Amino acid sequence: MLLGEKTPVWGGVFTRFEDVDRNSFSLVSFDEVSQALDAQRRALAHKAESERRAAQELEIAKQVQARLFPQTLPPLSTLDYAGLCIQARQVGGDYYDFLDFGGQRLGLVIGDIAGKGIAAALLMANLQANLRSLCALALDGPQRLLCSVNRLFYENTSESSYATLFFAEYDDGARRLRYANCGHLCALLLRRDKTVERLESTSTVLGLFKEWDCSIGERQLFAGDTLALYTDGITEAFNEGEEEYGEQRLIDALLRHRELSSQVLLGSIVDDVRRFSPHEQHDDITLIVAKCTAN
């Protein structure tokens, strides 16, 4: 026997029955609740699929960016060199490169784009494309090349975009290094007698100013000298006490491992940084080491 039917405030239908023995029971319909739960399940499934697609696209972007870094090293007689970039995220704004100018001349480049993530990665790709496409201008010297790179970077990016860059041209025959430091961290030149020369800024950053120029520094290298170019992911790595790794620790590590080949030396420096800063990496770690040899 039907005793009554109600529509509760939570939706659906609530109906009470009684059988011949006067036992009562209820039937409850949750149509609206079921629809809401089903809609919630669909929304969660859509969100999960979107996140999966985003992760997949980031992984593809990571692989593409990895191919932008040097894949081969032009052979030189008097320089043993290597570089690496360990990104803190899937993609980042640190950049290093080795440019073959021909005539036994090699370009060593390291840079840091302002910002992080996808936006910085796109600007890094733009800067790399500008440098590689204008390599022929290096025949007239680094200054003309870098002025052209700055102009293109300025024209192709927003007004707040910029990059720090250290550019060096090494002459394999003369063992001569010509360089421009565009607002980047000081390069470190460790002489064979263990003295250290800091190659400081010779101009401001790239991309902020349409009218831009730079001066060129020069150093003579000798067998046993070591050149290190790096980004702040190394020197600003911090430990549990919020103390930074710093330039001096980097110098000490370079001196301590100076007898190693450039490739092995890179790994030793990274290991030293990670021992000092064992927690999650917060910034890209990028480093170039070049050792002048006796042929």
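Q: Is the crossing of helices H5 and H6 left-handed or right-handed?
A: A crossing is left-handed if the near helix is turned anticlockwise from the far one by less than a right angle, and right-handed if clockwise. In this predicted model, the crossing of H5 and H6 is right-handed. Helices (H or I, at least four residues) and strands (E, at least two) are DSSP runs, numbered from the N terminus.

Q: Which residues make the contact of H5 with H6?
A: Contact means heavy atoms within 4.5 Å. H5 brings Arg249, Leu250, Ala253, Leu254 and Arg256. H6 brings Leu265, Ile269, Asp272 and Phe276.

Q: How many residues of each class are in the contact of H5 with H6?
A: Ala, Val, Leu, Ile, Met, Phe, Trp, Tyr, Cys and Pro count as nonpolar; Asp, Glu, Lys and Arg as charged; the others, Gly among them, as polar. This contact has six nonpolar, no polar and three charged residues.

Q: What is the angle at which H5 and H6 pack?
A: Two packed helices are described by the angle between their axes and the distance between the axes. Axes are lines fitted to C-alpha atoms, for helices over the stretch in contact, and angles run from 0 to 180 degrees between N-to-C directions. H5 (residues 246-256) and H6 (residues 262-276) pack at about 140°, with axes 10 Å apart.

Q: Why are H5 and H6 called oblique?
A: Angles under 35 degrees count as roughly parallel, over 145 as roughly antiparallel, 65 to 115 as roughly perpendicular and the rest as oblique. H5 and H6 are therefore oblique to each other.

Q: Which residues of H5 are buried?
A: Buried means under 20% relative accessible area, exposed over 50%, partly exposed in between (1.4 Å probe, protein chains only). In H5, Gly246, Leu250, Ile251, Ala253 and Leu254 are buried. They pack against H6, helix H4 (232-235) and several strands, including S13 (285-292).

Q: Is Ile113 buried or exposed?
A: Ile113 lies in strand S6. Its relative accessibility is 2%, so Ile113 counts as buried. Beyond neighbours within four places in sequence, its contacts include Leu123, Phe153 and Tyr162.

Q: What span should helix H3 have?
A: The expected span of a helix is 1.5 Å times one less than its number of residues. H3 (residues 142-156) has 15 residues, so it should span 21 Å; its end C-alpha atoms are 21 Å apart, which agrees.

Q: What should I know about the numbering and the values?
A: Residues are numbered from 1 along each chain as its sequence is written, and side-chain values use heavy atoms, leaving out hydrogens and water. In this predicted model, local features need pLDDT of at least 70 and side-chain atom pairs count only at pLDDT 80 or more, while totals for chains, interfaces and linings use all residues.
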